[in-house]
Amino acid sequence: MSVLIDASAKSLLQAVPYFRALDEDVLEAVAQVVVERRYAAGELIFLEGEPSAGLHLVVQGLCKVYRLSLGGREQVLATLGPGDSCNEVPVVDGDPNPASLVAVEDSTLWIISNETLAHLRQQYPILNEIIIVSLAVRCRQLVQRVYDLSFLPVTGRLAAFLLKQADERDELSRRRWTQDEIAAHLGTVREMVSRAFRELQEAELIAIERHRIEVLDREGLEELT
């Protein structure tokens, strides 16, 4: 399902970090061209290698950016929640999608097509600055991911994952994060994740109950990353 967002959505646009610095005139212009689409949990939003549909912004829900190996093994590159953006690279270079995007939960996204965004970037140069900053942030994240995959053992990668994903109460839901899903984030297999969880439990850095994972010692986890 897709609909155009009308001008009354300017207040909602201001709540998205991507548009927070825009003035009223630019917000008005963006509000008139943004397309809203809703996706059910598990629904594919776009596929690696296909032509880019444009800039994607998550408004509600949770999505993941991933790539598949030739053997079908999944590597999750990022998880996106409300306010996060995706697919700036093909917006800039015009090439196909570098990765795939799927809805993890029922999600609402706002999309600005490549052509529309190119026109807006010419009319409102501040959008170019926003895209540059977003790409710089994404570059830093990818550099950190390369470091983690290259130099940290699975236990260290799991520690970093838990520190990043734990909520303010230092808990993760085991209903949301299965060991298969965590393995896809860490670039490994479920058996290695299970072993890493045991090591962290035995070191009393985390506790695992039926439906939650609790961080007991943040400093101890940080020493492993």
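In these notes I count Ala, Val, Leu, Ile, Met, Phe, Trp, Tyr, Cys and Pro as nonpolar, Asp, Glu, Lys and Arg as charged, and the others, Gly among them, as polar. I record also that the model I consulted is predicted.

**Entry 1: the largest pocket**

I looked up the largest pocket and found a volume of about 1,100 Å³. Its lining comprises 39 residues, and those closest to the centre are L77, A78, R138, Q141 and L142. By class, the lining residues divide into 22 nonpolar, 9 polar and 8 charged.

Which element supplies the largest share of this lining? I found that α5 does, with 13 residues. Helix α5 spans residues 126–151. At least two lining residues each come from β5 (63–68), β6 (74–80), β7 (85–86), α3, α5, α6 (154–165) and α7 (179–186).

**Entry 2: E88**

I next turned to E88, which lies in helix α3, residues 88–93. Is E88 buried or exposed? I noted a relative accessible area of 4% for E88, so this residue is buried, the cut-off being under 20%.

The side chain of E88 forms a polar contact of 2.6 Å with the side chain of S134. When neighbours within four places in sequence are left aside, the residues in contact with E88 are Y18, L55, I131, S134, L135 and R138.

**Entry 3: the cysteines**

How many disulfides does the structure hold? I found 0. A disulfide requires two cysteine sulfur atoms within 2.5 Å. The cysteine sulfur closest to that of C86 belongs to C63 and is 8.4 Å away, so the two are too far apart for a bond. C139 is likewise in no disulfide, for the nearest cysteine sulfur, that of C86, lies 16 Å from it.

I also compared the accessibility of two of these residues. C86 is buried, at 7% relative accessibility, whereas C139 is partly exposed, with a relative accessible area of 45%.

**Entry 4: S69**

Where is S69 found? I located S69 in the loop between β5 and β6. Its relative accessibility is 37%, and S69 therefore counts as partly exposed, a class that lies between the limits of 20% and 50%.

Finally, I looked up the separation of S69 and V215, which are 146 residues apart along the chain. Their C-alpha atoms are separated by 32 Å.

How values were computed:
Residues numbered from 1 in each chain as written. Predicted model: local features only at pLDDT ≥ 70, side-chain atom pairs only at ≥ 80, totals over all residues. Heavy atoms only, no water. Helix = DSSP H or I, 4+ residues; strand = E, 2+ residues; numbered from the N terminus. Buried < 20%, exposed > 50% of the residue type's maximum accessible area, 1.4 Å probe, protein only. Polar contact = N/O pair within 3.5 Å; in protein donor to acceptor, adjacent residues only side chain to side chain. Contact = heavy atoms within 4.5 Å. 1 Å grid on protein atoms, 1.4 Å probe; cavity = no way out; pocket = protein on both sides within 12 Å on 5 of 7 lines; lining within 4 Å. Points joined across faces, edges and corners; volume = space filled by probe spheres on them.
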